[in-house]
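Trainee: Could we go through this model together, one question at a time? I would like to see how each answer is reached.
Mentor: Gladly, let's have a look.

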Amino acid sequence: MEERNPALDMSSALTLLGDAVTQRVLRALDGTGLRPGHGYLMQRLVTGPATATEIAAELGISQQAVSKALKELGDLGHIEVVSGAGDRRRRPMTLTATGRHAVGRARAARREIDERLRDALGADEFNATMAALRTALEALGLGDQVRRRAVQPPAGSLED
């Protein structure tokens, strides 16, 4: 059997697949003002309120970049300061109903992609592929970050 893409290595295939998934999710989020870098902050806030300083430390990025992106998310109506936080210097942010709705739309788009892949691969191969991807994430040291929803965004992804 002849290989269709003999020069395609796993890293390239994963990058291309990831880019395709990102584009499909962004289409599902059309009109929300969200961009890929915002997703890392939104996912962190799914776990509960946090300050810019806390998020920056957890994601391993600058507090300035996080603050700027949080301001953008606030201006878009996806997050807000937790009401009654008390200490004015500590400003924990939380998802708004609009933000939770956007998270739901992104999750629905990902479920649709999963269903399409499950149909193409069959249930057994899909499950085996998921197991292999989880193992790969662990091998690259991302397992704990994924579980904590604290994966560092790619460089420059929080900038316009």
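Trainee: How are helix 2 and helix 5 oriented to each other?
Mentor: This is a predicted model, and in it the axes of helix 2 and helix 5 come within 11 Å and cross at roughly 110°. Angles of 65 to 115 degrees count as roughly perpendicular. Helix 2 and helix 5 are therefore roughly perpendicular to each other.

Trainee: Which residues of helix 5 make the contact with helix 2?
Mentor: On the helix 2 side, the contact is made by Met42, Gln43 and Val46. By class, the residues of this contact of helix 2 with helix 5 divide into 4 nonpolar, 2 polar and 1 charged. The partners on helix 5 are Gly99, Ala102, Val103 and Arg107.

Trainee: What span does helix 5 reach from its first C-alpha to its last?
Mentor: Helix 5 covers residues 97–121, which is 25 residues. At 1.5 Å a residue, the expected span is 36 Å. The model comes close to that, with a reach of 36 Å.

Trainee: Which residues of helix 5 are buried?
Mentor: To count as buried, a residue needs a relative accessible area under 20%. The buried residues of helix 5 pack against helix 1 (10–28), helix 2 (36–46) and strand 2 (93–95). They are Gly99, Ala102, Val103, Ala106, Ala109 and Ile113.

Trainee: How is helix 1 placed against helix 5, oblique or roughly perpendicular?
Mentor: Helix 1 and helix 5 pack with their axes 8 Å apart, at an angle of about 135°. That angle makes helix 1 oblique to helix 5. The crossing of helix 1 past helix 5 is right-handed. As for the word you asked for, it is oblique.

Trainee: How many charged residues does the contact of helix 1 with helix 5 have?
Mentor: From helix 1, Val21, Arg24, Val25 and Ala28 take part, and they meet Arg105, Ala106, Ala109, Arg110, Ile113 and Arg116 in helix 5. Sorted by class, the contact of helix 1 with helix 5 has 6 nonpolar residues and no polar ones. The number of charged residues is 4.

Trainee: What is the orientation of helix 2 to helix 4?
Mentor: Helix 4 takes in residues 63–75, and its axis is 10 Å from that of helix 2. The two pack at an angle of about 80°. That makes helix 2, relative to helix 4, roughly perpendicular.

Trainee: How many nonpolar residues are in the contact of helix 2 with helix 4?
Mentor: Helix 2 brings His38, Leu41, Met42 and Leu45, while helix 4 brings Val66, Ala69, Leu70, Glu72 and Leu73. The contact of helix 2 with helix 4 has 1 polar and 1 charged residue by class. The nonpolar count is 7.

Trainee: Is Thr96 buried or exposed?
Mentor: Thr96 is found in the loop between strand 2 and helix 5. Leaving aside residues up to four places away in sequence, Thr96 touches Gly77, His78, Ile79 and Glu80. Because its relative accessible area is 10%, Thr96 counts as buried.

Trainee: And Thr53, is that one buried or exposed?
Mentor: Thr53 lies in helix 3, residues 52–59. Since the relative accessible area of Thr53 is 51%, Thr53 is exposed.

Trainee: Which residue with a positive phi follows helix 6?
Mentor: Helix 6 runs over residues 123–139 and reaches 24 Å, close to the 24 Å expected. Helix 5 is followed by Gly122, with a positive phi near 90°. After helix 6, the phi is near 80°, and the residue is Gly141.

Trainee: To finish, what percentage of the chain's residues count as buried?
Mentor: The chain has 7 helices and 2 strands, in the order α-α-α-α-β-β-α-α-α from the N terminus on. Its C-alpha trace spans about 65 × 30 × 30 Å along the principal axes. Of the 160 residues, the buried share is 26%.

Definitions and conventions: Residues are numbered from 1 along each chain as its sequence is written. This is a predicted model: local features need pLDDT of at least 70, side-chain atom pairs count only at pLDDT 80 or more; totals for chains, interfaces and linings use all residues. Side-chain values use heavy atoms; hydrogens and water are left out. Helices (H or I, at least four residues) and strands (E, at least two) are DSSP runs, numbered from the N terminus. The expected span of a helix is 1.5 Å times one less than its number of residues. Buried means under 20% relative accessible area, exposed over 50%, partly exposed in between (1.4 Å probe, protein chains only). Contact means heavy atoms within 4.5 Å. Axes are lines fitted to C-alpha atoms, for helices over the stretch in contact, and angles run from 0 to 180 degrees between N-to-C directions. Angles under 35 degrees count as roughly parallel, over 145 as roughly antiparallel, 65 to 115 as roughly perpendicular and the rest as oblique. A crossing is left-handed if the near helix is turned anticlockwise from the far one by less than a right angle, and right-handed if clockwise. Ala, Val, Leu, Ile, Met, Phe, Trp, Tyr, Cys and Pro count as nonpolar, Asp, Glu, Lys and Arg as charged, and the others, Gly among them, as polar.
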